[in-house]
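This report walks through one protein model, from single residues out to the whole fold. The structure comes up next.

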Amino acid sequence: GASVPVVANSILDSSSFLNHGTAQVVGGTMEFVPGHTGAGIGFTSGNENQINIAPSASLDNLSAISISLWVNAYSLPTVDGMPLLTKFSQLAGGFSWTFEILPSGAPQFIAGFGNSTDLKAGATTSVPLNNWQHIAVTWDGTANSNGVVFYVDGVVAANDLGAAKEPVGARVTDANAALAIGSFIPRLTNSLNGALDEVYLFGRVLTKEEIMALRTHGQIGLK
């Protein structure tokens with residue numbers, strides 16, 4: 001797993017993989033804000049602000065994915081999703097995967113299988129504005145939206161079956177692609193307007209007990 005505390009414009013990965021990142025501020029601000037625990041990082045008023053984590057073999061083409069984080073959304077997007085965490089490669093034809101918040105406030109996960117043939121899954125539970133909320137998602141890596149599970153406050157959230165989309169073709173590779181927090185190229189106008197804290201990424205499907213442990217205690221003994 002990886003967590004991302006911020007020191008100056010450097011973002012430090014507390015895992016053994018040491019996938020440190022860099023804060024990229026184009027407009028508006030990116031700064032320390034009161035987090036869920038201690039300090040979080042706030043993204044405001046910038047269409048291209050992001051934390052960029054350089055390509056790493058330990059992050060490439062994960063066979064399964066779990067993401068856990070605390071988010072405090074200041075506003076919601078008007079169209080498309082507001083990115084939280086994304087693995088993106090222009091050379092590969094798009095994003096391999098993205099975890100984002102929809103205009104409804106509901107979390108959504110997309111895995112790239114080639115533009116209009118992407119896998120999509122969304123939750124029915126919405127994230128409140130101006131409050132810290134723990135959300136998580138797991139994906140088992142299969143070409144099936146039923147392989148995506150959402151959690152809100154450590155509890156499984158129902159999938160929005162009407163919004164689910166099954167993929168066609170092969171999964172988009174993200175080898176040599178950067179990991180972006182808060183924005184990525186196709187969503188520049190939808191960059192995160194909010195704050196994040198305790199961001200974790202795992203290359204496996206966490207159990208519901210592990211998700212609850214992250215929500216309650218943080219990354220204690222999880223790898």
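## Gln-133 and its strand

Gln-133 counts as buried, at 9% relative accessibility. The model is a predicted one. Gln-133 is found in strand S12.

## Strand S7

What is the burial state of the residues of S7? In S7, 9 of the 9 residues are buried, so the strand is largely enclosed by the rest of the structure. Both faces of S7 are covered. On one side sit Ile-65, Ile-67, Leu-69, Val-71 and Ala-73. On the other sit Ser-66, Ser-68, Trp-70 and Asn-72.

S7 spans residues 65–73 and pairs with S16, residues 194–202. The pairing is antiparallel and runs over 7 bridges. Ala-73 stands opposite Gly-194 in S16. The bridge partner of Ser-66 in S16 is Phe-202.

S7 also pairs with S12. Here too the sense is antiparallel, over 7 bridges. Leu-69 stands opposite Ile-135 in S12.

## The sheet and the helix

Strands of a sheet pair through backbone hydrogen bonds, in either a parallel or an antiparallel sense. S7 and S12 belong to an open sheet of 7 strands with antiparallel pairing. The order is S4-S5-S16-S7-S12-S13-S14. Which strands stand at the edges? They are S4 (29–34) and S14 (155–157). Each has a single partner strand, so one side of each is left without a neighbour in the sheet. From one strand to the next, the twist averages 35°.

Helix H1, residues 208–217, packs on this sheet. H1 touches S7, S12 (133–139), S13 (148–152), S14 and S16. The direction of H1 makes about 150° with that of S12.

The loop between S14 and S15 holds Ala-170. Asn-176 has its place in the loop between S14 and S15 as well. Asn-176 has a positive phi of about 70°, although it is not a glycine.

Ala-170 touches Gly-112 and Phe-113, not counting residues up to four places away in sequence. Ala-170 and Asp-118 are 52 residues apart along the chain, and their C-alpha atoms are separated by 9.6 Å.

Lys-87 is in strand S8, residues 82–89. Is Lys-87 buried or exposed? Lys-87 is buried, with a relative accessible area of 1%. A polar atom of the Lys-87 side chain lies 3.0 Å from the backbone oxygen of Asp-174.

The table sets out relative accessible area for the residues discussed.

| Residue | Relative accessible area | Class |
|---|---|---|
| Lys-87 | 1% | buried |
| Gln-133 | 9% | buried |
| Asp-153 | 33% | partly exposed |
| Ala-170 | 59% | exposed |
| Asn-176 | 64% | exposed |

The classes follow from the cut-offs: buried means under 20%, exposed means over 50%, and partly exposed is in between. Asp-153, at 33%, is therefore partly exposed.

## Cavities

How many cavities of 30 Å³ or more does a search of the whole structure find? The search finds 2. The second largest cavity has a volume of about 30 Å³. Its lining includes Ala-121, Gly-122, Ser-145 and Asn-146. Asn-159, Asp-160, Leu-161 and Ala-164 line the second largest cavity too.

## The whole protein

The protein has 1 helix and 16 strands. Buried residues make up 52% of its 223 residues. Among contacts with a separation of 6 or more, 64% join residues 24 or more positions apart.

Conventions
Residues numbered from 1 in each chain as written. Predicted model: local features only at pLDDT ≥ 70, side-chain atom pairs only at ≥ 80, totals over all residues. Heavy atoms only, no water. Pairing = 2+ DSSP bridges. Helix = DSSP H or I, 4+ residues; strand = E, 2+ residues; numbered from the N terminus. Axes fitted to C-alpha atoms, helices over the stretch in contact; angles between N-to-C directions. Contact = heavy atoms within 4.5 Å. Buried < 20%, exposed > 50% of the residue type's maximum accessible area, 1.4 Å probe, protein only. Polar contact = N/O pair within 3.5 Å; in protein donor to acceptor, adjacent residues only side chain to side chain. 1 Å grid on protein atoms, 1.4 Å probe; cavity = no way out; pocket = protein on both sides within 12 Å on 5 of 7 lines; lining within 4 Å. Points joined across faces, edges and corners; volume = space filled by probe spheres on them.
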